[in-house]
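User: I have a model open and want to learn how to read its features. Can we go through a few together?

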Amino acid sequence: MRSDLSAALDFRVFLVELVYLASGLGEGRGGDVIRLNGLPYSADVARLLAGRREHEACRLLRAAFADGLDHSRLLQLGLFSLEPDITYPQGEPRWSPWGMERPNGMSRIRALCEAMAAFAADADLAGFFSSRAALFASWKAGYDAELAGQDHVSVLEAYSGVAPSAPYRVVLSPFLLYETSHVDVGQGVAVTFYPVDAVRGESPTWAVREKGPVFWHEMGHWMLDPLADAFAEDIKGLAPIYPGKTGPCRGSLSMCVIEHTAQALGIRMRAW
């Protein structure tokens with residue numbers, strides 16, 4: 001397995017997901033992307049979050065979602081804005097995918113991150129997750145074992161003719177319904193947040209889903225998304241056949257090209 005492709009577990013991602021669940025944002029949304037997923041300790045998580053809906057972190061997160069924050073950027077905010085130790089002794093968040101351009105954007109993000117740090121302390125999330133460290137380690141080991149079975153990066157390079165521009169991390173999460181990716185060449189970041197599923201059969205161990213078209217689709221974003229900038233003028237030339245703001249892919253022609261290219265690559269690599 002090449003070092004530029006690896007699995008990871010990150011407490012900060014768990015934290016933002018749990019604040020989301022505690023805030024009640026997912027209630028009434030069928031198939032919400034962030035949920036308990038019937039985990040073997042889901043009842044423990046529910047008890048941990050009970051009565052915390054009016055915590056400052058939950059209040060600020062509801063306000064952020066009302067102002068345009070979404071699931072994908074919430075996960076990114078946890079990974080790229082929260083400090084590694086979930087504290088802010090000094091300084092400002094390093095970077096955020098949301099809110100920087102808004103009035104008082106930096107102070108709002110800082111307040112949200114500090115409130116999430118307080119939520120983690122109040123709920124003793126560090127103790128909750130450290131007591132399950134062996135389970136989480138088994139997820140990473142299982143995914144690393146799957147990745148080690150094939151040199152996925154070289155296969156993609158050979159097929160696409162493109163070399164990756166940044167290391168790629170697959171961040172595993174027990175609270176996701178489906179995968180969501182993020183590529184930011186300027187920040188040197190390429191990440192897929194990937195759900196964890198139960199192993200087939202009667203094994204009590206937990207591992208990631210088998211690699212299917214979605215796996216390759218997300219890998220395709222890592223490899224090919226940077227090309228959208230290189231071919232920006234060519235993409236603009238497709239405007240006559242695109243309906244504009246009412247079109248698919250959030251009304252973005254560039255996004256449509258990116259998504260269709262990644263999907264085509266995912267399907268082709270699955271059939272390789």
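User: Which residues does leucine 125 touch, not counting residues up to four places away in sequence?

Analyst: Bear in mind that this is a predicted model. Leucine 125 touches Phe11, Leu15, Leu18, Leu48, Phe119 and Ala120, with residues up to four places away in sequence left out.

User: How do I read the core around it?

Analyst: In soluble globular proteins, nonpolar side chains tend to be buried together. Here the largest nonpolar core has 68 residues. Leu61, Leu74, Met116, Phe119 and Leu125 touch the most other members. Helix α1 (residues 11-23) gives the largest share of this core, eight residues.

User: Is tryptophan 216 buried or exposed?

Analyst: The cut-off for buried is under 20% relative accessible area. Tryptophan 216 has 5% relative accessibility, so it counts as buried. Tryptophan 216 lies in helix α9 (residues 213-224).

User: How far apart in space are tryptophan 216 and glutamine 263?

Analyst: Their C-alpha atoms are 8.2 Å apart, although 47 residues separate the two in sequence.

User: What about backbone angles? What is phi of aspartate 124 near?

Analyst: Most residues other than glycine have a negative phi. Aspartate 124 has a positive phi, near 50°. Look for aspartate 124 in the loop between α5 (105-122) and α6 (125-130).

Conventions:
Residues numbered from 1 in each chain as written. Predicted model: local features only at pLDDT ≥ 70, side-chain atom pairs only at ≥ 80, totals over all residues. Heavy atoms only, no water. Core = buried A, V, L, I, M, F, W, Y, C linked by side-chain atoms within 4.5 Å. Buried < 20%, exposed > 50% of the residue type's maximum accessible area, 1.4 Å probe, protein only. Helix = DSSP H or I, 4+ residues; strand = E, 2+ residues; numbered from the N terminus. Contact = heavy atoms within 4.5 Å.
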